[in-house]
Amino acid sequence: MEEQKGGLLVVMAHPDDESMGSGGLILRHTRAGIATHLICATYGEAGWTGKPPGAKKEDLAEIRAKELEEAAAALALSGVELWDYPDGGVTRSDQQEITQRVWDEISKLRPRVVVGWGPDGAYGHPDHIAMGACTDAAVAAMTEGERPALYHLAVDQPLAEFYREAMHLGGGDRALPLQPQEKVDVVIELDADEVMMKVRAIDCHRSQLEDWRIAIRDHPHLLQNGYGHEPYIAISSRAAGLTEKGLLGEFA
Ligand SMILES: [Zn+2]
């Protein structure tokens, strides 16, 4: 199939970031027929949780690659670039090489919009922060006429509240070190169908389903307020905001 130009490129660090972080944004765009590609920097081989039952730790990279493939189908992604930088070790990898590779993908796909992690990495994850910085640098290095709009995933007050409640529901005493943004530029609010589609994509990542992600299934309100609410910050955009169809402004 010939590459479609002018779509969306999402640059993430781990298999599951795309569904848990940006599943709604991706669905909103792919369902509108906008070609959406994903770069995932690592196989997520450090995310061992003992799941799914019967899994072996040494198979985790392979398991997560398969899970990502399933999630990509659930999100109707046009293509996935899965790189093998070490999970938890993106900061120790060659940042210039990563930036160059992101730049190469942007040059090849010519997306209208790139979405990546911001400097907070959502909850300070070093791989997220490093991938976000390389993505920012790659976008900045494009010549002005070729440069796509750039957005960062963000956590706002309502989303931080959702994580607090949801994780509490799961019985965990773990809390994410979230620093919610005072102001975000775009919030994608999903309808109930879209939330269910996002849940299906998240559920593909069976090895990563914390107890709270299972517990919230019985709380549709929480699902709607949390999974159904995706804030973004426009870093450079010609048309920040949402179109009538709820797409990023560049897709007007
Ligand atoms: Zn991640």
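**Close-ups of a predicted model**

**View 1. A loop with a cis proline.** P52 sits in the loop that runs between β2 (36-42) and α2 (60-74). This is a predicted model, and in it the peptide bond leading from K51 into P52 comes out cis, with omega near -10°.

**View 2. D16, a non-glycine residue with positive phi.** Look in the loop between β1 (8-12) and α1 (17-31) and you'll find D16. Its phi is near 110°, which is positive even though the residue isn't glycine. Is D16 buried or exposed? D16 has 24 C-beta neighbours inside 10 Å, so it counts as buried; the cut-off for that label is 20 or more.

**View 3. A122, another positive phi.** Here the residue belongs to a helix: A122 is part of α4 (residues 121-124). Phi of A122 is near 70°, again a positive value in a residue other than glycine. A122 counts as buried because it has 23 C-beta neighbours inside 10 Å.

**View 4. Strand β6 and its two faces.** In a regular strand, side chains alternate between the two faces of the sheet. What does β6 pair with? Its partner is strand β7 (residues 229-236), in the antiparallel sense, over four bridges.

**View 5. Inside the largest nonpolar core.** This core has 65 residues, and M131 and Y151 are the ones that touch the most other members. Which helix gives the most to the core? That would be α5 (residues 126-140), with six residues. Now centre on Y151 and skip its neighbours within four places in sequence: Y151 is then in contact with V113, V115, Y232, I233, A234, I235 and L248.

**View 6. Zooming back out.** The protein chain has nine helices and seven strands. Its radius of gyration is 17 Å, close to the 18 Å from the globule rule for 252 residues, so the chain is as compact as a globular protein of that length. Along the principal axes, the C-alpha atoms fill a box of roughly 50 × 40 × 35 Å. Buried residues account for 44% of the 252 in the chain. As for contacts between residues at least 6 apart in sequence, 80% join residues at least 24 apart.

Key: Residues are numbered from 1 along each chain as its sequence is written. A nonpolar core is a set of buried Ala, Val, Leu, Ile, Met, Phe, Trp, Tyr and Cys residues joined through C-beta atoms within 7 Å. A residue is buried if 20 or more other C-beta atoms lie within 10 Å of its own, exposed if 12 or fewer, and partly exposed in between; C-beta atoms are placed from the backbone. Two residues are in contact if their C-beta atoms, placed from the backbone, lie within 7 Å. Two strands pair if DSSP finds at least two bridges between them. The radius of gyration is taken over C-alpha atoms; the globule rule is 2.2 Å times the number of residues to the power 0.38.
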